[in-house]
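Colleague: Could you walk me through this one? I'd like to start with the helices and then move on to the ligand.

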Amino acid sequence: MTEHDEQVLSLLDTYRAHDAPTHGGRVLSYVYDSGLAELDALAGRAAARVQAVNGLDPTTFPSVALMQADLLAFAREVLHGPPGTSGAVTSGGTESIMLAVLAARDRWRESRPGDGRTPRVVAPSTAHAAFHKAAHYLGLEMVTVPVDPRTGTLEADRLADHLDDATALTVASAPAYPHGVLDPVEEIAAAAAGRGIPCHVDACVGGFVLPWWEGTPPWDLAVAGVTSISADLHKFGYAPKGASVLLVADPALDRARYYALTDWPGYPVVNPTVLGSRSAMSLAAAWAVVTRLGTQGYAELTAGLVGVTATVRQVVDGIPGLRVVGRPTGPLLAVGTDPDVPEPERVDPHAWAQAVAARGFVLQGQPALTQADGTVLPRTTHLTLTPASAGVLGELGAALRAGADDVRGRALGLGAAPAGAPAELPDPVALAQAARESGELDLPAVLALIEALPREQSARLLVDFLAAFTAPPAGRA
Ligand SMILES: *Cc1c(COP(=O)(O)O)cnc(C)c1O
């Protein structure tokens with residue numbers, strides 16, 4: 001490396017100075033740390049070997065087809081895809097879901113020529129935001145079915161009541177991200193199949209951990225009526241970001257996600273996913289991680305994670321004023337205020353997250369949500385445990401307990417969204433500038449604002465905030 005190269009990298013290091021730590025179990029969302037440093041090193045080396053490859057054309061770069069085939073074969077095995085199951089390696093869960101929605105939409109349209117209605121996605125209210133985004137991008141209507149506000153659990157009959165001939169796709173999550181609760185996959189899939197509606201299982205977060213999580217009821221492609229499934233390699237597959245798998249049981253439905261074009265003067269186009277030219281680095285990294293771990297490696301990592309999750313669950317259960325929402329399946333859980341204790345003993349989950357952050361662990365606040373039937377899913381704080389959590393369990397437990405002691409009884413509009421918008425809205429640009437300068441953001445205040453404002457207004461506020469946060473500073477071209 002030349003001196004100039006060193007300077008470039010040291011500039012990057014200064015940029016990274018305020019990033020949350022990606023390893024060591026101190027950030028309980030966003031990152032999925034296997035705790036195996038050698039696995040990360042392997043992924044990095046594999047990625048470097050294909051740095052210049054263009055994943056656009058596997059006929060020119062056959063390694064792309066070979067790595068994809070290995071990953072799909074692995075996923076098909078652990079997710080019990082029936083013979084004929086095919087699919088894609090995508091850039092992430094959002095893209096996998098978008099392609100599943102696209103295929104379902106086009107199949108719905110093909111089977112109803114001349115039907116001018118807007119096709120629908122019917123999903124539990126806990127289904128991932130990516131379905132809302134896909135519906136928005138692809139011109140479908142998103143219908144959300146309320147879950148039990150106390151437990152985050154869906155009653156399959158309530159969802160079945162919404163399945164009609166305008167429904168292009170229905171969804172079950174394994175598990176749902178917000179509370180880590182598994183939807184009743186068998187019942188949802190049966191209701192969908194009975195009406196000829198495709199059923200997507202969103203196992204983006206659970207796909208590479210639930211196969212080894214004992215006692216989990218059937219949830220994957222082995223379930224009759226499940227037509228597609230998404231599973232993120234860059235979550236509990238332990239691969240670097242940029243890799244997910246979509247599997248589709250019916251080859252005809254799977255073809256519907258492709259885009260091909262011969263109607264322009266350039267090279268013939270056939271794209272299995274959203275991007276055109278694309279990096280093969282995340283593919284190679286994921287391939288290396290999966291090949292190295294194999295089912296044995298995942299089984300071992302999951303076995304450790306079961307113990308870690310049980311321990312953290314015990315800690316939270318022992319904290320007065322907080323409770324774990326519902327019955328999570330897998331290494332995710334949501335913590336809310338315990339409404340069964342007197343008010344002075346309650347703990348607000350967002351104030352708690354802030355207090356725990358001051359003690360070195362980053363948890364993820366989730367705002368209250370008013371569902372379609374008017375019931376309110378209370379605000380919670382989300383924890384995703386990873387194998388790396390094992391190395392800091394004692395410290396984490398102490399921080400969770402002490403953080404609750406710090407804020408117990410401090411009311412912050414406990415549990416439900418307060419009525420009406422606040423009198424004065426913060427200026428999102430000023431908020432972004434302050435956050436950029438201090439490196440800190442008053443998250444409880446932002447979350448409270450999201451709860452209080454009408455949805456369109458809070459969404460606009462987020463857009464203005466992020467645009468300002470990422471904009472080049474004035475005077476620097
Ligand atoms: C993470 C996640 C997604 C979206 O995946 P991205 O990789 O962030 O695009 C979808 N569904 C669930 C359940 C998830 O946890």
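Modeller: A definition to begin with: axes are lines fitted to C-alpha atoms, for helices over the stretch in contact, and angles run from 0 to 180 degrees between N-to-C directions. Helices (H or I, at least four residues) and strands (E, at least two) are DSSP runs, numbered from the N terminus. This is a predicted model, in which local features need pLDDT of at least 70 and side-chain atom pairs count only at pLDDT 80 or more, while totals for chains, interfaces and linings use all residues. Residues are numbered from 1 along each chain as its sequence is written, and side-chain values use heavy atoms, with hydrogens and water left out.

Colleague: OK, at what angle do helix 3 and helix 9 cross?

Modeller: The axes of helix 3 (residues 62–78) and helix 9 (residues 281–317) cross at roughly 30° and come within 10 Å of each other. That makes helix 3 roughly parallel to helix 9, where angles under 35 degrees count as roughly parallel, over 145 as roughly antiparallel, 65 to 115 as roughly perpendicular and the rest as oblique.

Colleague: And which residues of helix 3 and helix 9 meet?

Modeller: From helix 3, Val-64, Met-67, Gln-68, Asp-70, Leu-71, Phe-74, Glu-77 and Val-78 meet Leu-283, Ala-284, Ala-286, Trp-287, Val-290, Gly-294, Thr-295 and Tyr-298 of helix 9, contact meaning heavy atoms within 4.5 Å. By class, that contact of helix 3 with helix 9 has 11 nonpolar, 3 polar and 2 charged residues; Ala, Val, Leu, Ile, Met, Phe, Trp, Tyr, Cys and Pro count as nonpolar, Asp, Glu, Lys and Arg as charged, and the others, Gly among them, as polar.

Colleague: How do helix 9 and helix 11 cross, then?

Modeller: The axes of helix 9 and helix 11 (residues 393–407) come within 10 Å and cross at roughly 25°, and the two helices are therefore roughly parallel to each other. Val-308, Thr-311, Val-312, Val-315 and Val-316 of helix 9 make the contact with Leu-393, Leu-396, Gly-397, Leu-400 and Arg-401 of helix 11. The classes in this contact of helix 9 with helix 11 are 7 nonpolar, 2 polar and 1 charged.

Colleague: What about helix 12 and helix 14, at what angle do they pack?

Modeller: Helix 12 (residues 428–438) packs against helix 14 (residues 455–470) at an angle of about 45°, with the axes 8 Å apart, and these two are therefore oblique to each other.

Colleague: Switching to the ligand, which residues come nearest?

Modeller: There are 13 residues around the ligand, of which Gly-93, Thr-94, Asp-202, His-234 and Lys-235 come nearest; a residue is near a molecule or strand if one of its heavy atoms lies within 4 Å of it.

Colleague: Which ligand atom is 2.6 Å from the side chain of Asp-202?

Modeller: A nitrogen atom of the ligand lies 2.6 Å from an N or O atom in the Asp-202 side chain. An oxygen atom of the ligand is 2.8 Å from an N or O atom in the side chain of His-234, and a polar side-chain atom of Asp-232 lies 3.2 Å from an oxygen atom of the ligand.

Technical notes
Polar contact = N/O pair within 3.5 Å; in protein donor to acceptor, adjacent residues only side chain to side chain.
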